[in-house]
Structure formats: structure tokens, C-alpha cells
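Please look at the sequence and the model shown here, and then read the short report that follows.

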Number of protein chains: 6
Amino acid sequence: MLNKNVETFIGCDKDYLAAKVVLFGAPFDSTTSFRPGTRFASKVMRGDSFGIETYSPYQDKDLVTDTNVFDAGDLELPFGNTQRVLQEIEAFTANILDDDKVPVMIGGEHLVTLGAVRAVSKKYPDLHIIHFDAHTDLREDYLGESLSHATVIRRVWELVGDDKINQFGIRSGEKEEFVFAAEHNFINKFNLHGLEDVVKKLAGKPVYFTLDLDVLDPSIFPGTGTPEAGGISFSELLNGVLSLSGLNIVGCDVNELSPVYDHSGTSTAVACKILREILLVMEARA
Amino acid sequence: MLNKNVETFIGCDKDYLAAKVVLFGAPFDSTTSFRPGTRFASKVMRGDSFGIETYSPYQDKDLVTDTNVFDAGDLELPFGNTQRVLQEIEAFTANILDDDKVPVMIGGEHLVTLGAVRAVSKKYPDLHIIHFDAHTDLREDYLGESLSHATVIRRVWELVGDDKINQFGIRSGEKEEFVFAAEHNFINKFNLHGLEDVVKKLAGKPVYFTLDLDVLDPSIFPGTGTPEAGGISFSELLNGVLSLSGLNIVGCDVNELSPVYDHSGTSTAVACKILREILLVMEARA
Amino acid sequence: MLNKNVETFIGCDKDYLAAKVVLFGAPFDSTTSFRPGTRFASKVMRGDSFGIETYSPYQDKDLVTDTNVFDAGDLELPFGNTQRVLQEIEAFTANILDDDKVPVMIGGEHLVTLGAVRAVSKKYPDLHIIHFDAHTDLREDYLGESLSHATVIRRVWELVGDDKINQFGIRSGEKEEFVFAAEHNFINKFNLHGLEDVVKKLAGKPVYFTLDLDVLDPSIFPGTGTPEAGGISFSELLNGVLSLSGLNIVGCDVNELSPVYDHSGTSTAVACKILREILLVMEARA
Amino acid sequence: MLNKNVETFIGCDKDYLAAKVVLFGAPFDSTTSFRPGTRFASKVMRGDSFGIETYSPYQDKDLVTDTNVFDAGDLELPFGNTQRVLQEIEAFTANILDDDKVPVMIGGEHLVTLGAVRAVSKKYPDLHIIHFDAHTDLREDYLGESLSHATVIRRVWELVGDDKINQFGIRSGEKEEFVFAAEHNFINKFNLHGLEDVVKKLAGKPVYFTLDLDVLDPSIFPGTGTPEAGGISFSELLNGVLSLSGLNIVGCDVNELSPVYDHSGTSTAVACKILREILLVMEARA
Amino acid sequence: MLNKNVETFIGCDKDYLAAKVVLFGAPFDSTTSFRPGTRFASKVMRGDSFGIETYSPYQDKDLVTDTNVFDAGDLELPFGNTQRVLQEIEAFTANILDDDKVPVMIGGEHLVTLGAVRAVSKKYPDLHIIHFDAHTDLREDYLGESLSHATVIRRVWELVGDDKINQFGIRSGEKEEFVFAAEHNFINKFNLHGLEDVVKKLAGKPVYFTLDLDVLDPSIFPGTGTPEAGGISFSELLNGVLSLSGLNIVGCDVNELSPVYDHSGTSTAVACKILREILLVMEARA
Amino acid sequence: MLNKNVETFIGCDKDYLAAKVVLFGAPFDSTTSFRPGTRFASKVMRGDSFGIETYSPYQDKDLVTDTNVFDAGDLELPFGNTQRVLQEIEAFTANILDDDKVPVMIGGEHLVTLGAVRAVSKKYPDLHIIHFDAHTDLREDYLGESLSHATVIRRVWELVGDDKINQFGIRSGEKEEFVFAAEHNFINKFNLHGLEDVVKKLAGKPVYFTLDLDVLDPSIFPGTGTPEAGGISFSELLNGVLSLSGLNIVGCDVNELSPVYDHSGTSTAVACKILREILLVMEARA
């Protein structure tokens, strides 16, 4: 007798009960202002993840032997109703947290982070945010809308407050956003300088890591809605991720891969590899 | 002294006051359930329209000499807030109607039709609809949402009532939708058979023509979110459009071109050519 | 508690025990002589199948309510070892047949048919073949190799013998192949003429239906390794498939979709739709 | 000892002395007004020609056994100097004619035809033209330029005179061009109707056949600079070519394939197949 | 009453009279020897410029508040007539200079620079050139043609003379070109080393800055006719541009973006961002 | 009288007898486990090589004047029969070696290296290997197959023995492969550090250089079957190649370019340029 066809991200096929980390996709891109398409990221990543290995020569660890990740597949989200989408992401994330597991979400556009952070910040009121991105995402509103990929970190700030958000790699935004960031957050423009100090400062504290992949230079990550030149290299991002290994990461997301804009598959391969490294950093058994 | 750079659909550069038809783009695709991207249709059509001629050998008429079309450019719509988008389309359309001009809208996903029909049906309570499409678009809701590209004709039916909607070319939907169509509308599956009779029947009445370009076979129109094989040929569509020439078309839209899915530009060229023929049919001076 | 992420072709998520038809992928393309890539067909079809409906307005039947199809996922095949690949396909097919279910295989290149037919012809010694294709596939060898996509029907002929193979739509091959076909098979060049007679003749007999999708014109199916102009239209193929409804189809495959050559996704959408119709034809007989 | 790498169109590797037909490429597209790229047609066609067979099941003839075609490769043309390009094409064509061979040229944009016709019409003063195209190409000038892809047939008319040019499939142009055609040429809009009569009329006379491949519908031939919907099908074109078999074709060209606009390779495959059929029609007359 | 649809590069919608800088497109690529397509650069850049911000975090300046740029749209140029094209560019540039404004031209292939420099060097006889490029562009002729993208800087040298041209980033050419450059110009191969010294030396002098974007590595700028590996990074280019801020730039062009070769849009986004920075450098000097 | 159309890699058109280096293509990719397509590398490289120059400003040498390279074209290999393919490559390579020429092979997938090394190691029993790659390629078997692109260096090790293989740039593999490499080979992960020492050590010894182009970062080389982020830059590779200039290279291959995955042509341009540099390094006349 045959089993139904199970598809997971490579090496993430553990049982739910045994899993410490729960991976899921949030295929939503309705507020994207330039080029939509991130809704397909999680599906394409599962398929193409078999082009990379489960073993990391950077960490000398393997997804199969050194982690316990369960892949729940994708949420089914009602495109066009932003409020409801965020509620569904929040509810799903809360369930994972209730089972004492750590949620790792694959976007979708960056706004999906708000749904997850709503749930995570309820469980961890002292939540700190590490945010890698090309864009500030700190607008008060976008064409009058408060819920947008361009406002998501501003909404997160309303939840966690001043001096909790640490932004890196930012190289695009309105002047007002940079001013806001300087007043309320830690911001390091253009690269990841200062990350080590932030990691030290956050030792022992609950941290949510949100990775907008467009922090990468579009040379290595063209498959995104809004390519923004001048980003960090893959090695810089990899080293940044590895430097998080001592942190208490209680939630995480990887977002803004839009596969249709990169027919070479490189962007997806990059996303898969960095997710592997994140999972190994987060979950490596003691 | 130089003038600012004006960009219009080819041959549609008349002054507003002189214009009988007002062309505008509604770049919105937030409720698209499969592959988004129609938001770029109007912009790409303006650019590529210069690959076709203003003269139609089918009608022996020319956009430059035989029509008065004003191209207003694109609305700036708040992605992700479906309600507001429809209100803005409705308001813009109402303004055009108030000036006794005929609105021709380039979508965008098919839901934009609802905004336009709300305005048009207020001015013309006895409004009839001619609807070319691959899909019924008659769902009561889609994943719980009443406003969706998959429900738009159902919402239009709520405005105009029974026996006002005439559907052609339909070849995809849920069984319930076909049942609904048979009870409340005129529906002709798969092709445009029966169009002539409908045209005769609607002589003198106000008609809104909504053209979902995926009624075309994807061989000639692959650049759309949901390609559905078995559609009509370009010649069938062209003849269908030409057969509308006697009607009193008081509003019109052309939607669901998604240029990113057709790198050859053929789909855009098709959309441009059929829009040229529609404009010539609608507006040819007496 | 959450379930593992199950991915099936749309509407094909029945339990194995209840299923009458078993769908599986054979991702193999090592002997492809021109452009490889068909190995990705089954995976991409599962993902994109959610762009079509489960309901067929052509047959007024629905995959969910009118069929019992189990999707077993893809075989893991050793690229480059053609002999072994065929053995694995044969063994897997034989298991399905042993459980009194009907195998439906998604290729892969056309050679995968040989593995399946080896198993099916053992169970059904009087097996007849219906073969839609652009190419004869009747070479004795290709560059000295007897196992090749270009020789597959010749190898099948060695299994089933004279006057068992019925070829339609053929428009490419060497002269010798056409001569061979005329002597040993039924062949109808260029289109499906004569299919009705063949269907009548095969009433009650066990039939294997092998559909090389490049029988379609490349206008509607460009996503294949060897596009060959002058093919049949989607409607002709659809009608051909519908005409098989009275037959006793004991095995089937759909092959030669190569998604990478069609960025529009049209070819995949075509393959999904025709597979839906085949499944409805095959399985809705009770 | 090894030979240098010779690349020819499939089956066209005969020696020059033995050859009756000489194939060559004219990679020029400098006057293209919309999307350039036809310069790569001949090179890509040689490479992809190995995806088709040398045998035609339509004519039951084979390029290897039934023709003597020499492939001279491509001219090296100075882009941007239109005058000189035409002179070089004319000189090269004249050399072929001097050796009593028939030139078959692969464009390039349609203007290359003028260079060839200059040479051919000198040798055959009573030259007749058969012209398949989507566009009239009859402008007096284009943005003030008399030498342009949009004026080429007007320039040819200046060489051959009234009632010598027979145009088919035309569906785009300015009104004045259609008027000119009606007065000076034979023109059949939209399709190939009337071709049989023309063929009868031209029996025994020297004929130059110029095939702008955009006469095909862009569904089957998207890889061209100016896709124009509503064209003829591949079968119509094939039948048109086959109907020329009785004519005395003294020169020929196939132009306007622009491979970069069709990633599927279908357009190139179409061009290769139709060129095979043309060569078989032209050369198998002894 | 509605206004006609005005399309400009983002933030460049000032009135002509108020403008200090006039932006315009020169869509010409007829002499391109490898892959044409740069004619679409300016149009695509205007459309995609809305994917970047008007604010530069590098310069803390904003196109809206800190510059006065007028976008005149594109010239309409007769493809294939190189002489005339250069005359039209020269005349248009001269008009801008006559109005005491600074021309910034978007190519097009690199030859368009010659038209602009003809006009600029007449007004500023002591003109100096800063030239970023992958290629020397110093051939005496190309296939016998003196006017070519491969000869443009040689032609410029004939206008401005020895020791006026400063070439950076050059990594491709014939040996003779490098020899010529060493004798007549300043040349720095492979990167921008020495730019600072050149900037110091040119303080107060009239400078024309011509940026062939293929100076960038094709990893970040694949969308160009002749990708040449080993180029400078975006950051190097950005810093190079910022270092020009003290100069008296009296004319400028940005050329050789060919959007069709980069479906990801990254190359266009790069071109837009670097143009923003150039405009801010040039114009924010008061 | 005209000559047949000869196509070679740019500047590699010397006569066989005079040639010191023989270039040939091995278009084979049947064991590729992820995305096939490398079979087209050699053909596409010949065509696109005319986009680069024959002169290297890095080495101040020119393919035309400073090398004697004969391009033999491509082998015709039976896809799907891995054993036979390797035999044919071995035999062809042996012939070149028998004529005292140096073979330079363009893959195909990396397994083709095994065929060449079989021949070269017979002539040079003390053969050393320099191997640039993203992947270890050291598996004992892949899905039970001993002949695979993933096992090729393991098979080469069986021929040449311990401490003969020098691996650089490796960043992907199973843990066991890295362990094996550390025990039997020299391996430097992630980059080319240590190459200088290896070059010194191998002075005077026969060296086979196998370059899997995916050692490059996919930002500059996306056109490959298995993109693996974190690779070396083009400059690093170029410098690595230049550092080999003192070595006695008795055989070489460049493999794993898969053009279909990079529509920009950048990957092909990179492969062409690095091949030019390799040929100049190998063959520069004394």
C-alpha cells in the first residue's frame, strides 16, 4: 500500500510531536505596491530545495540529523482581504507557540510578519526584533493604507515599542522613515555593521528575526518585487545569520522571494540555502 | 520651449473636452487567486501600442481621424484594500459619465469591472451586460470573500438583476456556477454562438461590454493569470467585437492581461489590437 | 496537531485503498536527444493544477465527486541508467496492477512508456495501444541505442506485435519509420481522423493510451523538447480524449511536457486540463 | 586528422559545385522600427534545425536524398549603414546567380529582400513577386527614410513595376498603403485566398518568393519584431508553400524571425520546418 | 476636467522654464554589433523608476525637493540612418544648451554620445570627458564604418583632442585600442582607480560624463548588449558617481541598458538608481 | 566558389596539423540529477564567443596571434548510455593525445571529465588534478549509480590515487564527501586560497585542470544546473586561472554551463571569456 505524496522543504519531514520548529508558508502579496508574486515562494522553495544538500559545510551540521523541523505546508489565505489574512497568520502562529514550538514562516510579502509578530509578542512581551531589509518599511501609511508591506515595521514598532527593533542593510525609504528609525529603533544603513554588538546585547532575550531577502544585492537575488541595488552579498548575509547562533530566536520569517522574476532559479536556491542555515542555527540539538 | 512627455495609447491623444470616450487604467490585482500581475497591463499596452497601426483594415477606420479618445492614464489604487479600490473606480467612472463621456477601462483583474458597473448602472438603470470570459466568475464567495475576481459577475448580477447578463466563451467554473448562470443569465459555453441574437435583442438599450481577455485561447493569449485551454481564436473575438457595432455601448472594460507571463509581447499586442477595434466600433463618428 | 504537507494533483487525494486509478510521476529524460527537461513535468503539474477547476463543463463531472484517484507522487529514478529506470517503472506499475488499480503515469520523456507497457502487457497479453504523437518513435535504434525516446514505440511493438498499435497525429520521422508504421501498425498522419473507427474496433479490449503531448500544435503547447509545427488543436485533442470514453483503458500515460520552455505556464495548464479530462473519462465508469 | 567544424542547416551540406540552391544568411536589422533582433535568425536556425527531420511526410521527400543545397553561412554586414548592406547583399546574390544557382536568403529584417531582388531582377527583367506578410511594407518613406523594413515592397515595386507583386495575408498598414496596393499590385488581405490563381497565372515565369514569417499568426510565431494577431495558421502557410511547387522560383527569402522573443524555440522550429518545405519544393524538380 | 497622461522619470516633472537639467531619451541602436535592444531603455526606465524612491540615503537629498529636472520624453529617430540620427541628437542638445540648461541623455547605444558631444563641445571648446565603460570604443572603424558604437570615443577624441578623455573600467578591446588610449587619453583599466585625481584635475572645467552601464559587472547589470565579466560593482560605480559632485558637469549620458536581456528588471532598477544619484549630484549644487 | 560554413570558437580556426591545442565539445548531460541542459554549452559558446574580443588585456595576448587552437566541433554522443559516452570521449581524447596535442573539452555535465581523464592518465601516469567546483563530486554512488556527475571526482581518484587531486571552492556536498576529501585529496573549501602553493608544488608535473563553472557565484554564473550561492567572483576565478600559467597542463575541461537558465547570456559570456584566458595561459607561444 502506498502513502500519499508528502512534500516538505528538504530534510524537514519530522513528525509534528517531535518537532521543535514548525515551518509554514504564508502565500500572500496583495499589498505589494510594485511587482507581486511572492505568494509562490514557499511552494517553489519546497520543490527546488532538493537542489541543495541537507548538510552545511559552514556549520558542519545536517538538517536530517541535527534538527527536528516539521513542515506544515501553506496557509490558504483570502487574497485581497488584508485584515483577515493577518488574523489567520496570527492564529496559526499562536497555535504553534501554544505547543511550545518555534514558528518559521516563509512569505509572501513582508506584511505577513505583522501577523506572526502579533502572536509572538503576546507570548513574549519583551520581544526584540532583528530586521534585515533593503527598505525601512516604516511608513505611517501607504496611499492611505495602514496595512502594507511598506508600513509593516512601523506596525511592529507599535507592538514592541522603542529600542526593540534593530534594522540592518537598509538602503531605501523616504527621508521621514530614516528620521523615525534614528529616533525609535537601532538602524544601520547599507550593511550589517554593528550586528555583533546587537547580538551581544540581546543575549538571553526573546528575539524575532525577520529577513526580507531583498537585503541581498539583486545580483545574487534578482527574484524579488523591488530590486534595490547596493545590497549585501550572500557571504555577508550568511555570516550575519551564523552570528545569530547564540540568540534565543522565538520566531522567524523569510520573505519577499518572487520566483517569477528569476528564471535562473538562483534566487530560490539562495533562499533555500539561507533557510537551511537559519534552521541549523535555530534548532541545532544541544 | 518643450512640452512634458505625454504618453497615451496610440491615436488616443485628443483633448478631454472634445473626447467622446475616456480611456483609463485600473491597475489592481489584489484578489487574483492564482498568478497576479495584471496591474501592469495598461502601462505596457500604452508603450507597445506603437507596434500596431492606428488604421484598421477590418473596419477601414483610423483612431486618429475617426475617433475622439482621451487617455487619462492610470488611477493610483491602494493595493490590498479591495473596498476602497472599488469606490475609487466607481467615483472616477461617475465623473466621466457626468461629463457625458463613455468610460473605457483597462484592468487589472476582472473585479475592477464591479467599480465601473456600479457607476454605470446608476446612470443607466436598465443596463445590460455582455460578458466574454473563460470563467463564469459567478461564485457567491471565494474563500469567504464576496469581493473577488471569481465573484465579480455575481456581484454585477446583484446590481442589474436577472436576464441582463449575457455570457460567452465560458469554459471553466464550479458546477454551481453553471447552474446559476443557466437560471439567471444567458450563457453560451465555449464560444460566441448566439451573440448575433443577443445583439439584436439589445438594440437601443444601454450595454456594458466587459471583456476578460482570457476568453481567448492561451495559444494567442498566454499572458494572463489563469490560462485556460480551449478558448476562442483571435478571429472569433474580432468578429464578435465587430458584431457589436450597432449597440449603444455606455461603458466597457478590457481586463486580465498580465504581461509578465508573455515575454514575446504577443498578448499585449493582441490586447492593443482588440482595444483599437473596440474603440473604433464604439466611437466611429457618424 | 498538524498533518504533514500532502501535495497531489487537484482533486486526486483519495486514499489508496479506495482508489481505482493511481497517478504517479516518472521524472526521467536521459535519452532525450534535443532539449531535456521533462523530468519536472509531474511536479510542476501538481503545483499548477490548482489553477484549473475540478469540474469539467465538457463532461459535467468533477474529479472530487466522480472519481477516486490516488496520487502516489514521483518515483526516484537514477538518471543516466536507462535500463534500471525502465525496470523501476515496470515494477512500480506491476504493483499497481496487482492491486487491481489502473496506472496513470506522468512522464518524463516518452521512453517511460516502455516500462509501463512491459508491466501492463504482461497482465493483458492482448493489449492494444492508442498512441497520439507528433513523432513516429519507431526507429530501430538512435545513434546505436535501442532504448530511446525515438525508439519507444518500436520497442512497444516488439511486445504487443502487429496491428495492435494505433498511431495518430504523426507528422515527423524518417521515411523508414513511416514505411514501418504502414506495414505493422495503424497510422494516421497529421490528425486524429479514423479514431472513431479504432475506438469501435477496440470495444471491450484492454487498451493502453499513451499521449505524447507534442501531438498538439506548439502554438498551444510550446513547452516540450521538440516543438513540431502543424499539430492538432486543443479542441481536437479534447474531442479525441472524450471519444475514448467507452474503452477499457487499463493503463495510460501523458508525457513530454517540459515546463522550462514555456514561461507562460500555458503548456502546463494544457497538460493539467487534458489529464483532468482523461481521469474523468477513465474513472467515471461505475 | 580532424576536419574543421562545419555548421549548416540540416541536410544542406552539399558541395558548392554540385549545389543547385545556395542558402545564406543576411543578419541585418538596423531599420527595424519596433523590436530588433532578426540578425540572429540564421545562426539560431542552423543550430535548432537538428530538432527537425530532413524527411518531409508532406512531400515524401528528403533534404539529404532529394536536394542539393549548399549553405554558405552568413554575410558579415555593417550594421547602421543601410546603403552598404544592400549593396553587399546584391553583390553576393549576383555571384550566386552568375553561377546559375538559386539564392535562398535567411533574413534579417524584411529590407534585406531589396538587396536580393535588385540582383535577381537584373537577371530576370520580367520578375514576378509572391509576397506573404502581415504588413503591406508599401510606405513611400518611414520617418523620412526611403530604405526601411516598412518601405521594402514599395522599393521592390519601383524595380519590377505594376502588376508584378502579389501580396497575401496582409492585415496591417496605413490606409494609403492599402490604396496603393489595390492600384499597383495584387493584394489579398488577411489570408492566402487567390493564391492558386496567381500560381496558375505565373506558370513558367521567373518568380521571387519573399516570406515574411509574421504572416503567421503570433500564436504559432511569436518570435518576431512586430507580432500582429489574426494571421494565418501553420497549415495554411504550409499548403501555400506546397502550392508553389510548379513555379519557376529563381530567388527566395525567409525573414523576420527574431529568436530572442520566443524562449520556447517554437518560432525557430516553425521557420526551420517551413524552410525545409520550401527547399524541397524549389529544388526537387529535376 | 482631466489632464493628459504625463509620464516622467520619477521626481522629474518640473516645468521646462524652471528646470536646470533636461532629461531626454535617444532610442537608437542601429550600429550595435552584437545584441540590439537599447532603444527601449528610456521608456522602460520611466515606467520602472516608480520602484525606487526619490530620496537618496547616500546623499540625503531628494529628487522632488532638491532638483529641478524636466523630462522631455524621447526623440523620434530614423533607425538605420546613422548620420541623420546624430544630427537630430546634436540639434536637440544644442537647443537645451541654448536655453542654458544641462542635457542628460538616456541611450540607446553608446554612439548617441557623439551627437550630444558635438553640441556640447561647440559651446564648451575646452570640454573634458569622463568615460566609464567596459570597452575602449576607440576603433578607427568597425567593418569599414566610422560611425559605430565601437568607434564613438575615437570620434569624440577627434572633437576634443588629446588628454581630454579619461577612461575608467575598460576591460575589453583590441590591442591597438589600448595602445591608442595610452597615447592620447588617460585610461585606467578594470576599475575606477585614479578617478579622484582626475576629478581634482578637472575642477572648474566643463566636463561631459558618459556612462556606459556595461562598466558594471554583468552580475548586477546583465541587461546589456555585450555582457563583459570582470566589471565594477554597484558600490564602486555609486562611489565613483558621488565623487563627481564637485565637478562642473555640462552634459551627461547614461547608455547601453537593453531591458529585454534581463527579465528580472534588476538592470533597469540599477540604471534608475544610478541616474537618480547622478541627477542629485549634478543638480543640487546651489 | 564558396566555402562551407565553418563555425569555431572565436580565434580558434587554425589548421589541425599546426594546432597545439584541440578544442572540442562533449554535449552530454544524462546523469544530471537536478536541471539538465549543459549539452548546449559548446554550441552556444561558439555562437556567442563573437561578443568578446580575441585580445586579453589581462595577459596582453591574442587568440589570433598568440595561440594555435583547432576547434573540432562537438562529439555526437548517445544520450542515456553513460558507459558508451565515456568510452567515446576517452577514444577521442586519446587520438588528440596520440597526435601530441592537448585536449580542451567543453562539457556537458561534469561526468565527461572522467572520459577525458581516463585517456590523459594513461599517457601521463603521474597525472595531477586541479579541480575548481562548488560541489565535492566525491560520492561513492548516486542513487546506486557509480557513474554520475556527483561521483566523477571519486572515479577520477580511483584512477590517479591519493594526494593527486586538489579541490578548490567547494561549498556543497554530504558530510562523508568532505571527510573523504580531507583524507585523500587536498581540499580548500569556499575559495581558491592555497592555490599558489599547489601551483608551486606541481611545477613540471603533468596537470589536468577541470573547471566546473559553478565554482563561480551564481550572481555571475546563474546558467548552470545547480546554482549554489557563496561562490567565488569572476575576478577570483580569473586570477586563479592566470596563476596556472607556469604549469604543464596536459588536458583541460570547462563544464556545467547550461545556457537555457540564463536568458541574459551573461553565463555564456563568462564561460567564453574564461575559456579565452585558459587557452591563452595554456598555449601562449614561447
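## Two helices in chain E

In this predicted model, the axes of helix α8 (residues 234-242) of chain E and helix α9 (residues 266-283) of chain E come within 9 Å and cross at roughly 20°. Helices here are DSSP runs of H or I with at least four residues, numbered from the N terminus, and their axes are lines fitted to C-alpha atoms over the stretch in contact, with angles from 0 to 180 degrees between N-to-C directions. Because angles under 35 degrees count as roughly parallel, α8(E) and α9(E) are roughly parallel to each other.

Contact means heavy atoms within 4.5 Å, and among the residues that make it are Phe234(E) and Leu238(E) of α8(E) and Ile274(E) and Glu277(E) of α9(E). The residues of this contact divide into nine nonpolar, no polar and two charged, where Asp, Glu, Lys and Arg count as charged, Ala, Val, Leu, Ile, Met, Phe, Trp, Tyr, Cys and Pro as nonpolar, and the others, Gly among them, as polar.

## Chains D and B

In the model, 22 residues of chain D are in contact with 18 residues of chain B. The two chains bury about 1,700 Å² between them, 58% of it on carbon and sulfur atoms; buried area is the accessible area (1.4 Å probe) that two parts lose on being put together, summed over both. Phe34(D), Lys175(D) and Ala229(D) supply 26% of the area that chain D buries against chain B, more than any other three residues.

## Basis of the values

Residues are numbered from 1 along each chain as its sequence is written, while chains are lettered from A and ligands numbered from 1 in the order in which they are written. Local features need pLDDT of at least 70 and side-chain atom pairs count only at pLDDT 80 or more, whereas totals for chains, interfaces and linings use all residues, and side-chain values use heavy atoms, with hydrogens and water left out.

Definitions and conventions:
Angles under 35 degrees count as roughly parallel, over 145 as roughly antiparallel, 65 to 115 as roughly perpendicular and the rest as oblique.
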